[in-house]
Every structure is written in C-alpha cells, then in structure tokens.
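Here are my notes for a colleague who is new to this structure. Please read them with the model open.

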Amino acid sequence: MKRKIGIVAVLALIALFVVYLAETRNEYFDSKVYYGAIQYWFRGDGGMVYDWLRPGTPYGFTYPPFAGLVMAPMAFLPFGVVVVIAIVATVLTTALLTWWFVSPLIKRKGWTVWFAFAVACCLAIAFEPVRETITFGQVNTLLLTLVAGDLLLGLAKGRKWAGVGIGLATAIKLTPGVFILYLLVTRRWRAAITASGTAAGVSLVAAAVFPDESREFWTSALWDTNRVGVLSFLSNQSERGFLARLHIDQVESKVWLACVLLTLVFWAWRVRAQPDDIMGGLALTGVLGCLISPVTWIHHCVWLIPAIVRCVDVGLSGRDRRPLWLGAAAYVIMTSRLTWWWEKRPRPPLELIGGNFYVWFSLALLIWTPIGTRRSSDVHQEDKILL
C-alpha cells in the first residue's frame with residue numbers, strides 16, 4: 001500500500017512540475033485576453049467586446065457573444081481568482097473525463113480502482129494539450145466535458161435531454177458543432193434538433209441582450225483569422241495548418257477544401273457503419289474536429305483523448321495489440337513536446353514529419369481507432385452499464 005501511495009505521489013509531483021515549467025512559457029495568455037476583453041466590455045467606455053485587442057498583439061475575443069455572457073463574472077473578479085478558477089475547473093473536468101473514459105477498463109481488468117484512477121489522472125494532466133490548456137487558461141476540457149457527458153450519459157442512455165450539452169458547447173465555441181453533424185449522420189434526429197435548438201436558443205438570448213455584438217461577431221469577427229493567429233504557426237496542427245506550412249499559397253485554400261471533404265466522407269463512412277458505438281463516435285468525431293478546423297492549436301487537441309483511450313482500451317482488452325501501440329505512441333509523442341523542436345530549427349524534409357506530428361497521429365487515429373469491432377462493441381456495452 002505504501003509503495004502504491006508513493007508511486008501516485010511521485011506521478012502527481014511530476015505532473016505538477018511539468019505544469020509549473022509550462023507556466024513560464026504561456027503565462028495564462030488566453031485568460032488574459034478573455035479577462036481584458038470582458039473588463040473592457042462591461043467596465044470600459046461602452047465599446048464592444050470585439051473592439052478590444054491585447055496591447056501589442058492582434059489577439060482579441062474570438063468567441064460568440066453567448067460565451068461573453070458566460071464569462072461575465074470576470075468583470076468583477078481579480079485576475080488571480082480567475083486563474084485559480086480556470087486551473088481548478090480544468091483539473092476537475094480532466095479527472096471527471098478520465099473517470100468516464102477509463103473506469104470501464106479499470107473495472108474490467110480488476111485493477112485497484114483508486115490507484116489505477118490516480119495514475120490515469122496524472123497521465124491525463126501530463127498530456128501536453130491538457131498542460132497547454134492549464135497554462136494558457138483555456139476552456140477546452142470544460143467543452144469536452146459538456147460534449148462527452150451529453151453523449152455518454154445522455155445519448156447512450158436514451159435521455160430526452162440528449163443534445164443540450166453539445167448545443168451549449170457549440171454556442172460557447174463553434175467547433176463542437178461538429179458533434180451536431182455526428183448526430184445527423186448517425187440519424188439521432190431528436191438529439192440533433194435538441195442540440196441545434198439549444199445552440200440557437202442561447203445565441204438568440206445573447207443577441208437580444210447584445211444585438212450589436214452579435215451582429216459584429218456573425219458578420220465580421222468570425223471571419224477575421226488574424227484575430228486568432230498565423231495559420232502557418234507550428235502550434236496549428238490542423239490540416240489547414242499543415243498546408244499553410246507547405247507554402248502553396250496559390251492553391252492552398254482549394255487543396256484544404258478537398259482535404260476537408262475527403263476527411264468528412266471517410267469519417268462519415270466509419271461512424272455511420274457503427275452508429276451504436278457512441279464512445280467510438282465521440283472518439284472519431286473529436287479527431288475530425290481537430291483535423292478540419294482551420295485553426296487547431298495544440299491545446300485544442302484534448303479532443304484526441306477519447307480516441308487515444310479507445311485504442312489503449314481495445315489493445316489491452318483483446319488479442320490485437322496494434323491499437324495499444326497506436327494509442328501509446330500518440331500519447332508519448334504528444335506529451336514529449338518533440339513537435340516544438342522544429343519551431344526554431346527547420347530541417348526539411350524532416351520538418352514535414354516532426355513539425356506535423358499531431359496531424360499525422362490525428363489521421364492515424366481517424367483511420368485505425370477501433371470502432372464497431374466485436375471487442376469495441378463489447379466495451380461500449382459495458383461502458384453503458386457502468387455509467
């Protein structure tokens with residue numbers, strides 16, 4: 001028992017040390033943007049939230065007005081309190097997600113629950129996208145929790161409210177809207193209507209309260225990519241970011257649209273063939289969102305966690321170990337910060353591989369994450385029972 005406690009303590013210290021080191025790199029940059037914009041909006045001279053830019057940068061508030069309403073308490077809280085709340089919320093949601101994703105495997109294998117769960121939480125917090133979420137002060141794990149809870153606790157159990165979480169996540173940040181597409185492709189019409197209605201409803205509430213801001217967002221701010229950063233920056237690990245780093249400016253947008261279309265068709269073919277595997281659908285749709293979004297910063301890649309867990313789960317539960325190796329390799333590479341080696345050391349053609357590790361592994365996970373096999377289906381059924 002003492003040895004197990006010691007191992008968990010060491011892992012926890014390693015995770016905290018990693019987060020501490022990463023803090024010196026990012027310094028809660030995104031939280032500072034949110035905080036400055038909300039302060040300006042609610043306590044400034046009456047300007048719109050989208051007018052504010054962080055001094056010396058092109059970065060401003062990029063979320064829909066409903067997200068601004070959710071973040072309104074920032075106008076009245078000290079920044080230090082905002083950071084503490086963001087860190088605690090990320091750690092707690094990461095732990096909750098870890099329990100949802102990993103507890104069926106833990107119970108199936110007969111491992112000591114508290115020990116295995118503690119190890120899994122430490123591994124999850126050490127995962128670079130989660131670290132980056134903490135040190136940027138981002139909202140990624142909160143959105144993933146809304147979507148995962150909606151699918152695993154709502155849709156999988158036939159709840160009438162299934163779709164609400166996806167709708168709220170989409171209204172806060174548009175990228176989770178890809179899960180509405182998942183509901184449509186798998187013919188979950190009621191949940192799709194609920195999700196769409198929720199997103200539209202809360203957005204209309206925000207529009208009624210802040211009509212000028214809503215008009216500015218939907219007609220201007222949404223389409224201004226300069227507000228989110230340079231597409232070719234190494235941290236943009238989407239298909240668009242990959243193409244931007246190839247410097248094929250004249251045909252880049254056309255090639256990107258073709259890649260998005262092919263990716264969507266392949267994803268739809270996989271998830272529609274096995275609509276009952278909801279955990280598998282969550283995994284593949286999370287990967288899809290990372291690939292087709294114009295901007296997928298590394299901290300956005302928390303959406304790859306369900307696919308990595310699914311690969312490890314199936315690899316440990318069956319005779320075929322290939323999913324295990326894929327999931328383990330994806331986790332190790334994405335936790336090592338090896339991708340950043342190419343940020344200031346371009347070494348073509350190796351840069352094409354190393355500078356796009358997240359893209360390559362996302363494509364591999366989209367292609368080879370087990371879904372609908374006998375083992376993955378069995379795992380899904382056990383998940384529903386345990387949840």
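1. Basis. This is a predicted model, in which local features need pLDDT of at least 70, side-chain atom pairs count only at pLDDT 80 or more, and totals for chains, interfaces and linings use all residues. Residues are numbered from 1 along each chain as its sequence is written, and side-chain values use heavy atoms, with hydrogens and water left out.

2. Salt bridges. The structure holds seven of them. The term stands for a side-chain nitrogen of Lys or Arg within 4 Å of a carboxyl oxygen of Asp or Glu. Helices, named below, are DSSP runs (H or I, at least four residues), numbered from the N terminus.

3. Asp313 and Arg108. These two form a salt bridge, with the closest N and O atoms 2.9 Å apart. The pair links distant parts of the chain, 205 residues apart: Asp313 is in helix α15 (residues 305-317) and Arg108 in helix α4 (residues 79-109). Asp313 is buried, at 4% relative accessible area. Arg108 is partly exposed, at 23%. The cut-offs for relative accessible area are under 20% for buried and over 50% for exposed, with partly exposed in between (1.4 Å probe, protein chains only).

4. Arg337 and Glu132. Here the side chains meet in a salt bridge at 3.8 Å, N to O. This pair, too, links distant parts of the chain, 205 residues apart. Arg337 sits in the loop between α16 (322-335) and α17 (350-354), and Glu132 in helix α6 (residues 128-136). Arg337 is partly exposed, with a relative accessible area of 27%. Glu132 is buried, at 2%.

5. Arg322 and Asp320. Their closest N and O atoms are 3.0 Å apart, in another salt bridge. Arg322 is exposed, at 63% relative accessibility. Asp320 counts as partly exposed, at 37%. Elsewhere, salt bridges that share partners join Glu128, Glu132 and Arg337 into one network.

6. The second largest pocket. Its volume is about 650 Å³. A pocket is an open set of points on a 1 Å grid over the protein atoms alone, where a 1.4 Å probe fits, with protein on both sides within 12 Å along at least five of seven lines. Lining residues have an atom within 4 Å of a point. The volume is the space filled by probe spheres set on the points. Of the 29 lining residues, Val102, Ala120, Leu123, Val309 and Val312 are the closest to the centre. Helix α4 gives the most to the lining, with seven residues. The lining divides into 24 nonpolar residues, four polar and one charged.

7. The largest nonpolar core. It has 99 residues, and Phe61, Phe101, Leu151, Leu183 and Leu282 touch the most other members. Such a core is a set of buried Ala, Val, Leu, Ile, Met, Phe, Trp, Tyr and Cys residues joined through side-chain atoms within 4.5 Å. Helix α14 (residues 278-292) supplies the largest share, ten residues. Leu282 touches Phe101, Val147, Ala148, Leu151, Leu152, Phe179 and Pro306, not counting residues up to four places away in sequence. Contact here means heavy atoms within 4.5 Å.

8. Ala156. Which loop holds Ala156? Ala156 is in the loop between α7 and α8 (164-172). Ala156 counts as buried, at 16% relative accessibility. The C-alpha atoms of Ala156 and Ile278 are separated by 6.7 Å, although the two are 122 residues apart along the chain.

Definitions and conventions: Helices (H or I, at least four residues) and strands (E, at least two) are DSSP runs, numbered from the N terminus. Ala, Val, Leu, Ile, Met, Phe, Trp, Tyr, Cys and Pro count as nonpolar, Asp, Glu, Lys and Arg as charged, and the others, Gly among them, as polar.
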